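This note sets out several points on the structure shown below. Definitions accompany the terms at their first use.

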Amino acid sequence: MAKHRSAGRTKKTVLAVDTDKDNQIPAEFLERLGQIIPIAQLSSVLASFATEKAIAFRINTLADSRDSIVDEMIQLGIPLEPVDWFKDEHGAPLAFKTPSIHRKTLTHSDSINQGKIYLQNVSSMLAPWILDPRPGETVLDLAAAPGGKTTQLAQQMRNAGVLSAVESVRSRMYKLQANLKRCHVEIAKTYLTDGRTVGQKTPERFDRVLLDAPCSSEARFQADDPASWSTWSRRKLRETARKQVGLLKAAIHATKIGGEVLYCTCSFAPEENEQVVDKVLHKFSTAIELVPFELPISNVIPGLVQFADKEFDPQVADCRRVLPNDFMDGFFMAKFRKLNRSD
């Protein structure tokens, strides 16, 4: 009965967003959200699909000093609201958000052309921040294009160590390489290959691995953009999830004993999130564990231990799902630690 009431409420909210039944986010997707998102947060999550979000950008200290870049933003007339958890070692903010009307000014600025700033959703910034790579480590970004998280990893590593960036699509690889060059990344080597093969090619090589897995991009659905959801289906969720499991297995094989893997998606679907984590936990058994972590934000809920007729390993509650708001996209993260060999 509870699920039925949630589905009804969801349909009512959809009609408030768009009364054209042939031009609205699929009802099945929205009904599923009622089973994923707690009732107290559901209306705000639904509203986010029709919200023009503030834009955010990250200061790239590989290109120039933080203070110099901030001064350039002020000279451009960009109002800056700090992302209060993303700071340098002196406590100064390294990321800011600003109203979306300033997007054109930012994207045409010398600051972005010279790699001094990187436009990036705040949710996306969380992944490298939680993985926490250190200078001198060996780090892998297993699905790297277009490079936002890769450049952030390099910045957190202070351009010291080894950063391997893997991409399977040639056109996206070109964009990745251009962004790495523009952002003054010196430690990255790029590889055009299927990420699912990397575990066999480089077993137990990396201290830390980031896998921002290709997904259905449900968190980027927009009520006024039918193209954003035009290919969505439950069948596609299942197909994408199979690829994600293969990539995550490769990530774990490629990680040193004692190393860590961060798995993330911009999807709400448990098929792409908790279910993928659950399958890999069972596959590797005692070779891995989920690492509990907390996020410096309030719009977050734990991973689901049950969805529809499926129950997941209780460890899955240690995953985190970021709920969208007026400046953050939805996001999912799971952090693994490798305990012993993963033969």
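1. Basis. The model is predicted; local features need pLDDT of at least 70, side-chain atom pairs count only at pLDDT 80 or more, and totals for chains, interfaces and linings use all residues. Residues are numbered from 1 along each chain as its sequence is written, and side-chain values use heavy atoms, with hydrogens and water left out.

2. Overall dimensions. The radius of gyration of the chain is 20 Å, which agrees with the value near 20 Å for a compact globule of 343 residues; this radius is taken over C-alpha atoms, and the globule rule is 2.2 Å times the number of residues to the power 0.38. Along the principal axes, the C-alpha atoms fill a box of roughly 55 × 55 × 35 Å.

3. Composition and burial. The chain has 12 helices and 15 strands, these being DSSP runs numbered from the N terminus (helices H or I, at least four residues; strands E, at least two). Of the 343 residues, 54% are buried, that is, under 20% relative accessible area, with exposed meaning over 50% and partly exposed in between (1.4 Å probe, protein chains only).

4. Contacts along the sequence. Among contacts in the chain with a separation of 6 or more, 76% join residues 24 or more positions apart; contact means heavy atoms within 4.5 Å.

5. Helices α2 and α3. The axes of α2 (residues 27-36) and α3 (residues 39-48) come within 9 Å and cross at roughly 145 degrees. Axes are lines fitted to C-alpha atoms, for helices over the stretch in contact, and angles run from 0 to 180 degrees between N-to-C directions. Leu30, Leu33 and Gly34 of α2 meet Leu42, Val45 and Leu46 of α3.

6. Helices α7 and α8. For α7 (residues 122-131) and α8 (residues 148-156), the axes come within 9 Å, with a crossing of roughly 35 degrees. On the α7 side the contact involves Ser124, Met125, Ala127, Pro128, Trp129 and Leu131, and on the α8 side Lys149, Gln152, Leu153 and Gln156.

7. Proline 93. Where does proline 93 lie? Its place is the loop between β2 (81-82) and β3 (95-98). Proline 93 counts as buried because its relative accessibility is 16%. Leaving aside residues up to four places away in sequence, proline 93 touches Arg66, Pro82, Phe86 and Lys87. The C-alpha atoms of proline 93 and glutamine 200, 107 residues apart along the chain, are separated by 40 Å.
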